[in-house]
Amino acid sequence: MWDFPLFPEQGSAIAWRVDAVFFFELAICTAVTIMICFLILYYATKYRRGSRADRSNVVTDNHLIEVIWVGVPLAISMVMFAVAAVVYFQMYRVPEDASEVYALGRQWMWQIEHPGGKREINELHVPLGQAVKVVLSSQDVIHSFYVPAFRVKQDAVPGRYTSMWFRPDRVGKFHLYCAEYCGTDHSRMIGWIHVMEPADYQQWLESGGPTEPMATTGAQLFKSYGCSGCHSPSSTVRAPLLDGVFGHPVPLEGGTVVTADERYIRDSILLPMSEVAAGYKPVMPTFQGRIKEDELLKIIAYIKSLGRKNERVEQ
Amino acid sequence: MSAQGAEPQPNYLTAGQSVRSWLLTIDHKRIGLLYMVSITLFFFLGGAAATLVRLELMTPKGDVVQPETYNKLFTAHGVIMVFFFLIPSIPAVLGNFLVPLMIGARDLAFPKLNLASWYVFMIGGVFTLWAVLTGGVDTGWTFYTPYSSMFSNTSVMSAALGVFIVGFSSILTGLNFIVTIHKMRAPGMTWLRLPLFIWAMYATSLIMILGTPVLAVTVALVGLERFFGFGIFDPKLGGDPILFQHLFWFYSHPAVYIMLLPSFGVINEIVPCFTKRPVFGYRTMATAMMAIAALGFLVWGHHMFVSGQSMYGGLIFSFLSFFVAIPSAVKVFNWTATLYKGTVSGTTPMLYALGFIGLFTIGGLTGLMLASLAIDVHVHDTYFVVAHFHYIMVGGAVMGYLGGIHFWWPKITGRMYPEIWGKLAALTIFIGFNLTFFPQFILGYLGMPRRYYEYDAEYQVLNVMSTAGASILAVGFLLPLVYLILSLWMGKEAGPNPWGAKGLEWEIPSPPTVHNFDEPPVAPERPYDYPLKEQDREPS
Amino acid sequence: MSLAEAEPTHGYLASHFETLEQQHQSAALGMWTFLATEVMFFGGLFLGFSVYRFVDPEPFAIASRHLNVTLGTINTFVLLTSSLTMALVVRAGQTGDRKAQVRNLLLTMALATLFLGIKAREYYEEFEHHLAPGASFSTAALHLPEDAPESLGQQAQLFFVFYFFMTGLHGFHMLIGIAVMAVLVVKAQRGQYTAEHYTQLEMTGLYWHFVDLVWVFLFPLLYLVELHT
């Protein structure tokens, strides 16, 4: 009964850094707490009523001391801030070689989809040592994708995409929790991250019958929803061609420039009037209410594939 | 004290004994008592909800209540404790009672508005209780959208209405205090001669009047969205759920300082009295409280680091959050320095005060950890946060409230409480509290999310410890309820100044007369004017 | 033996104050503090509105053009004039001119009622055009382009949510002002406001100027969105 854990295991490359920041701050906080508690108990005892301690020259003000005990905590705080901020940046900067996985939160499960088309519910299999970027969205309310062993967490917000990444550095299975209260079965919206040796992961990926890569399905949806009717070289309507668009800057009407990321593609499909590409007329119809969330992700996967020369999928 | 044979002077308790004289009173002291009774009721209601929560959490599986019920219980606990206990507690009970006394006034600036604030409070309470009784609310006290506005099928509207209404009670109290403190000080009572409790009430009132209206608007928008189906925060209809979070936390972060600053004020009165010396660094103490009030408005985004807020927004909010901790740290150091070369008595109020300083230190320092971006990503929405805010709210605010109630009990009632029981309760609360909440820091870092009624088996032992602590804590809270009420009949009669404290409230009878002072008193030249030279002091 | 007996107070001095001056200053500070809370209250709504307008200007611009700018402009003049008459009320208080107090209070009330009447007319028109948010809302009256996405209509409805909430809240404050003025008219008629004691007139004046000021911000924010395009 007593062999319960007191500290979470470290499953990702960033975990030890987060823990290092934590222990650094814990040390400072413990030291301060012990100091204050000691001084309180010591003074309360030494100067208790009836004791013969020296109470002469009581000082009620000392600006120098106050400056010191404003300045020193401030300096220590700034160090704490900086150290934590540095690791935070590392947590947010996605490495170039990260593979992608899509996680859709809905009451009360995680629907996870690999680019190769393999789907999982409440489980995510990943290979050891490979950075994985999880693109999150929600179908209903705000959820949060949390893997304590990896020390990462990110809210899944309806109406937009958010993302987080991790690089698992230990084989095993690690808890996955929803960490933003989302209704009745919030505490059952849990699962596992399975980190496997790369060879085992490949095997797992190929098991269960061939699946259609997301981008392939996306290409079909691109056609069936009529996108290729305008967004192709042979169209009579002048619409931007999408080859190589993903990940690159897009100048908009009105002078601003945005990066064509998941959010931009999604908004272009659902709210085409909001960010019209420069030099084009705002004639694209909206598909809001017609395209489902997981279909959106597949179309986005397809458009992403147009942006990388090696992975281009034929229409 | 009643003189032999002569008619006892009517005090504010005996002057008028009908129900009508209480329910239509405009005496700030009686209004303070009306609030005391109401918030005590709400405290035990919120506590009952917490008891059931902790009972459920003794075992990993959900086996005490249904999941929907559990969600309603933690929501009820949060809503009741935050809006109907913590926010009013010290200002509406002790502030109402003491502000005029401490500055030498006969009442607050707007006595009828004061009574109105209590009725508004009760009406808000009725709506919220209605929500709890007609099936409950399951959104969490934070009402995040779109769950609260579009998905929850519980009594969100009544609860939102209750919170909307009770906010105005807060605003009216704050308004009254600000005008009173500015305009009704006795001759000679300059700002730098004010008791620090008054500074605390002033700083708190500034937050109350500037922050609460934003909460009102936010809650109103959620209500509109829910009732009419407008897409104010629903992304499917063009709205932004994160806008709700910004609006909500813009109030709710300063709100935690509404809950905390008054306790600072109480500690600032208890410590000089029971060290028989002035507080170290009076000006700094006053400035620190004002700084906390101001800086508190700038840090709300630290509740939203993983919400989808930009990374750079996160950096700014983290940076500013470290700043708001500094004035609090300074206060802890100054209190410790006040003990130095003082004459310390370990009375019940002093035990609460010393406990406050230690527990608040832990709570505040863990706040720094939460302000640290890299750590917060891991522990946000886990039990680490729950532990942090309970250290501040219970270890801090509630201990401050109880310390204040004990300290001024003789003044309010004319009776002493039994000191042995006071000390026993304080100790029980301290032990129970730490056993309840310290394990939760560990649970949080381990990764146990909050608002879970089912959890993985490896978290059970720590949860059982926490529940055990909660049962001790419950006993600790029940003790004062019993002995304080009994003291009304059985307590030793207290004179005007049983503690030998400095301050205008201690120079009038206990309990005070209806009008407090016959003539405006003259303010002492220095606050906490305890004799400093050895030879001036009474022999120990 | 309180200081209050040193100067004649004609029973105006409340028992918890020492002097009439203290009482008057307290009332003034109280009203200013209350107005500060009102700024925060309306401010939250202004903020919400501004965020959505900034993020996606077009639907708000379209919706705004369907407000009746003419009536809105007339109302602005009406309300500004009522602030003038209210200032004259306060002036009449300073001079102790009972007749002028009553006259100008009634004028202010009349102008305020006119404002609310014009506003009601506007609301009626908007309801007729199905622009009131809710079940009956329709984008037909907005003359949106054929291929406009559904979201444009939804955002336009959002505009009207803010419009009705903010102007409704403002109108509610005006109603309270009118009710207070009605009470003041009765008291002024009885000669209760003299040159030494007209605090209630002054405080109501402050409140009324604030209500006017809110409208001065509401009007361009709601009615004049991209009017030039």
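Predicted model: local features only at pLDDT ≥ 70, side-chain atom pairs only at ≥ 80, totals over all residues.
A few conventions come first. Residues are numbered from 1 along each chain as its sequence is written, and chains are lettered from A in the order in which they are written. Local features need pLDDT of at least 70, side-chain atom pairs count only at pLDDT 80 or more, totals for chains, interfaces and linings use all residues, and side-chain values use heavy atoms, with hydrogens and water left out.

Chain B has a mean pLDDT of 93, and 97% of its residues reach 70 or more. Residues 1-5 of chain B, however, have pLDDT below 50, and beyond near neighbours in sequence this stretch has three contacts in the model. Contact here means heavy atoms within 4.5 Å.

I turn now to chain A. An automatic or database domain assignment divides chain A into domain 1 (1-45 + 62-93), domain 2 (99-206) and domain 3 (214-314). The C-alpha centres of domain 2 and domain 3 of chain A are 26 Å apart. Where these domains touch, 17 residues of domain 2 of chain A are in contact with 13 residues of domain 3 of chain A. Between them about 1200 Å² is buried, with carbon and sulfur atoms giving 55%; buried area is the accessible area (1.4 Å probe) that two parts lose on being put together, summed over both. On the domain 2 side, Y102(A), E113(A) and Y161(A) supply 50% of the area buried against domain 3 of chain A, more than any other three residues.

Four salt bridges are counted between domain 2 and domain 3 of chain A, a salt bridge being a side-chain nitrogen of Lys or Arg within 4 Å of a carboxyl oxygen of Asp or Glu. K133(A) forms a salt bridge with E262(A), their closest N and O atoms lying 3.7 Å apart. Strand 1 (99-106) and strand 5 (132-138) of chain A each give two or more residues to the domain 2 side of this contact. Strand 5 of chain A gives the most, with four residues. Strands here are DSSP runs (E, at least two residues), as are helices (H or I, at least four), numbered from the N terminus.

What does the contact between the two chains look like? It takes 83 residues from chain A and 89 residues from chain B. The buried area is about 7700 Å², of which carbon and sulfur atoms give 68%. In chain A, W69(A), Y88(A) and Y181(A) lose the most area to chain B, together 10% of what that side buries.

Two salt bridges are counted between chain A and chain B. R160(A) forms a salt bridge with D240(B), the closest N and O atoms being 3.3 Å apart. Among the elements that each supply at least two residues on the chain A side are helix 1 (15-46) and helix 2 (63-92). Helix 2 of chain A contributes the largest share, 16 residues.

Finally, the structure holds 22 salt bridges over all chains. In one of chain A, the side chains of R167(A) and D97(A) meet at 3.6 Å, N to O. R167(A) lies in the loop between strand 8 (162-166) and strand 9 of chain A, and D97(A) in the loop between helix 2 and strand 1 of chain A, so the pair ties together parts that are 70 residues apart in sequence.

Methods:
pLDDT = per-residue confidence, 0-100.
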